[in-house]
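Welcome! Let's take a friendly walk through a structure, one topic at a time. Keep the 3D view open as you read.

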2 protein chains.
Amino acid sequence: MVRPTMEDVAARAGVSRALVSLVMRNSPKVSDTRRAAVLRAAEELGYQPHVMARSLASRTSTVLGVMVNDLRNAFFADVVEGLDAAAQAAGFDLVLNTGGRSPAREGNALRSLLSFRPAGVILLSPVVPASAIEAASRQCPVVLVSRTSRASGVDTVNDDGEAGSALAVDHLAGLGHRRIAHLDGGGAAGAAQRRRGFQAAMRRHGLEPIVVRSEHTDTGGEKAVRELLATYSRDDLPTGLVAGNDFNAVGAISALEEAGLRVPEDVSVVGYDNTSLAALRHLSLTTVDQPRTEMGRLAFEALIERVRGDRTEPVRHLLHPSLVVRSTTTEVSLTGGSSR
Amino acid sequence: MVRPTMEDVAARAGVSRALVSLVMRNSPKVSDTRRAAVLRAAEELGYQPHVMARSLASRTSTVLGVMVNDLRNAFFADVVEGLDAAAQAAGFDLVLNTGGRSPAREGNALRSLLSFRPAGVILLSPVVPASAIEAASRQCPVVLVSRTSRASGVDTVNDDGEAGSALAVDHLAGLGHRRIAHLDGGGAAGAAQRRRGFQAAMRRHGLEPIVVRSEHTDTGGEKAVRELLATYSRDDLPTGLVAGNDFNAVGAISALEEAGLRVPEDVSVVGYDNTSLAALRHLSLTTVDQPRTEMGRLAFEALIERVRGDRTEPVRHLLHPSLVVRSTTTEVSLTGGSSR
DNA sequence: TCTATTGATTAGAGCGCTCTAATCTTGTAG
DNA sequence: CTACAAGATTAGAGCGCTCTAATCAATAGA
């Protein structure tokens, strides 16, 4: 378990430790002969530079701290994948943490990341107070994903939830729907934006926005639809539904079918997030897709720009979602009492 | 961005660096007066020990290298969550990597992890050659999740895929099913075990195992069912299906319903993995659940035992799955031509 | 009063590397 | 043949910490 050091390589190659160091950082100012000798010695010993020692000596870090709100959430997993790909390509390593969705635990997790003296820190939808984020940004560049900030040392990468809802509304309105309801995600991350986007888009189309309070779960979707069914007569029932997310949409569809309504013939449903669920042929859910991997990449790039000192102004990425049209939306039917 | 060092704290508290070091590691041999003074100084300066410097000086590491085959896979995300929880509780940090499902990239990722001189390395379903794993195990303890190994320096944590399939078969057989088919996952990780377990369990029940080649996707499930429908007459059609995984099961259900068969009245279907999909009320899929978070915890424990030197013998954890009975399985119907 | 003894504190070397400045080689021009 | 640049190599300090061994202070025992 004891690994060779630079000194060992130097001895075996018959050169100084400093020369080995130069070779390892592939400096151009090393003769080909020596370089080959050092490389051979390193190979034979199975030598690999010690990242931590290197980091300490050079006063630079190749570590990026990443705190994830919840890895189980496919959204974050995708962002981390994007992050990882970009980081690996640039020679950075990720130290990853979970905050357990509690501010206290996130505080510990963040502290833990900072104790690595990372080149920067990326927080995915953190729930820690803004003050903690600002404090962190005084130690190293910070990038927030799925959370906003006004701090000048903090960059942000968000998906445009308002635009996403608008996309859904535009799609349904374009199909002739006039009565469209939104199943609101309540306090879930991003839900407020989606609601605002829905309302604005509806007004833009000259339509009255209907908002039903729900949550980002399938049972929430069921309940919300039952509420709609109880509130509206069959003829007045919304013909289009913009769900808070895909799970919510699935629940809504269940409740609709249970009530004898067909999707999309009677009611069109749009989800949000484009999870693996939505792609299932069984469901084939029309949904809003955010460029998740891209968000990870952008978060990395923003960080690197700060690390390299290329930029000191904060950057606020707002990524445009796109609509994935599948089989749960269709033109409003004339028999369904659409235009009255 | 320049952070205080131990020296700064020592100066401010009017003590030596060594004393600060003792306080930071909360050694008992420090007087209460000094301890308080040091702690106050540290607090005021916002001092936090530098993990890398500490690691270098103490010749110990609190870093665990984790290589994930694919974070998008909820299975691995869950394992990592379990790992993270255990690691955080014990004061370890995770350096996380993705291998991109390619041996070459995994090799790089692994090398990258090892360059941290981690306390140990945990590989989730790696595809690198066994030789690479053994080489790694010569540098630090290695734990494999969802992959086996014969190397003595390597511990493994696996779910018992054979037992899982057996659970599904037992369940269906107990409900009176005699004709049961397995939709095989082909070359997917763990698929071979699930198939073997299915076959063995069927024979144990005195039943003839039917295996249809498929894959772990919903379209795969659809195709497999269509194949079954083409092969068997309505009366001879299997009444029970053990799918390769949940996605596969969903596809199978789609195809069955498309063919006018009801689930579970005409055909019972069991999934595998207990993904969020299966829990959806809309689907309510009976499925096999592995203790994923637990697997992460066990992987951590195995590693720590080696790190502490408590154990040198390899350990092979084989975790027992459990069956989650929901609504896609029921007693075989008499009208369906079950017993002829 | 002097010496153990115990507990608290500190000096200083060293972890494995990088980096600056100094030194050693060449090759070339005068 | 000397001088000097330019390139190649190395010595040595230092990154922020830990750890051993030494020092210091205070108390107790003789």
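Which element supplies the largest share of the surface near DNA strand C? It is α4(A), with 5 residues. Bear in mind as you explore that this is a predicted model. We begin with the DNA strands, then turn to the two protein chains and their details.

**Around the DNA strands**

- Sorted by class, the surface near DNA strand C holds 14 nonpolar, 6 polar and 6 charged residues.
- Now look at DNA strand D, which has 26 residues around it; A:Ser16, B:Thr5, B:Met6, B:Ser21 and B:Ala57 come nearest.
- For the surface near DNA strand D, at least two residues each come from α2 (17-24) and α4 of chain A and from α2 (17-24) and α4 (51-58) of chain B.
- The largest share of the surface near DNA strand D belongs to α4(B), which gives 5 residues.
- By class, the surface near DNA strand D is made up of 14 nonpolar, 6 polar and 6 charged residues.

**Where chain A meets chain B**

- Chain A puts 43 residues into the contact, and chain B puts in 43 residues.
- On the side of chain A that touches chain B, several elements supply at least two residues each, among them α5 (74-89), β2 (93-98), α6 (103-114) and α10 (218-231).
- That side of chain A has 20 nonpolar, 12 polar and 11 charged residues.
- A pair of strands also links the chains: β2(A) pairs with strand β2 (residues 93-98) of chain B in the antiparallel sense, over 3 bridges.
- To find this pairing in the view, look for A:Val95, which stands opposite B:Val95 in β2(B).

**Helices packing in chain A**

- In chain A, helix α1 (residues 6-13) packs against helix α3 (residues 32-45) at an angle of about 120°, and their axes are 9 Å apart.
- The two helices α1(A) and α3(A) are therefore oblique to each other.
- Their crossing is right-handed.
- From α1(A), the contact uses A:Asp8, A:Val9, A:Arg12 and A:Ala13, while α3(A) brings A:Ala37, A:Val38, A:Ala41, A:Ala42 and A:Leu45.
- Of the residues in the contact of α1(A) with α3(A), 7 are nonpolar, none are polar and 2 are charged.

**Helices packing in chain B**

- In chain B, α8(B) packs with helix α9 (residues 191-204) at an angle of about 45°, their axes being 7 Å apart.
- That angle makes α8(B) oblique to α9(B).
- The crossing of α8(B) and α9(B) is right-handed.
- Residues making this contact include B:Gly161, B:Ala166 and B:Val169 of α8(B), as well as B:Gly197, B:Phe198 and B:Ala201 of α9(B).
- The contact of α8(B) with α9(B) has 7 nonpolar, 5 polar and 4 charged residues.

**The sheet in chain B**

- Chain B has an open sheet of 6 strands with mixed pairing, in the order β7-β6-β8-β9-β10-β12.
- At the edges are β7 (210-213) and β12 (322-324) of chain B, each of which pairs on one side only.
- From one strand to the next, the twist averages 25°.
- Within chain B, strand β6 (residues 180-184) and strand β8 (residues 240-242) run parallel and are joined by 3 bridges.
- Here B:His182 stands opposite B:Val242 in β8(B).
- Helix α8 (residues 161-174) of chain B lies across β6, β8, β9 (268-272), β10 (286-289) and β12 of chain B, and it runs at about 165° to β9(B).

**Backbone details to look for**

- The peptide bond from A:Val263 to A:Pro264 is cis, with omega near 10°, and A:Pro264 sits in the loop between α11 and β9 (268-272) of chain A.
- In chain B, the peptide bond from B:Val263 to B:Pro264 is cis, with omega near 10°, and B:Pro264 is found in the loop between α11 (246-258) and β9 of chain B.
- Although A:Arg101 is not a glycine, it has a positive phi of about 55°; its place is in the loop between β2 and α6 of chain A.

Notes. Residues are numbered from 1 along each chain as its sequence is written. Chains are lettered from A and ligands numbered from 1 in the order in which they are written. This is a predicted model: local features need pLDDT of at least 70, side-chain atom pairs count only at pLDDT 80 or more; totals for chains, interfaces and linings use all residues. Axes are lines fitted to C-alpha atoms, for helices over the stretch in contact, and angles run from 0 to 180 degrees between N-to-C directions. Helices (H or I, at least four residues) and strands (E, at least two) are DSSP runs, numbered from the N terminus. Angles under 35 degrees count as roughly parallel, over 145 as roughly antiparallel, 65 to 115 as roughly perpendicular and the rest as oblique. A crossing is left-handed if the near helix is turned anticlockwise from the far one by less than a right angle, and right-handed if clockwise. Two residues are in contact if their C-beta atoms, placed from the backbone, lie within 7 Å. Ala, Val, Leu, Ile, Met, Phe, Trp, Tyr, Cys and Pro count as nonpolar, Asp, Glu, Lys and Arg as charged, and the others, Gly among them, as polar. Two strands pair if DSSP finds at least two bridges between them. A residue is near a molecule or strand if its C-beta atom, placed from the backbone, lies within 6 Å of it.
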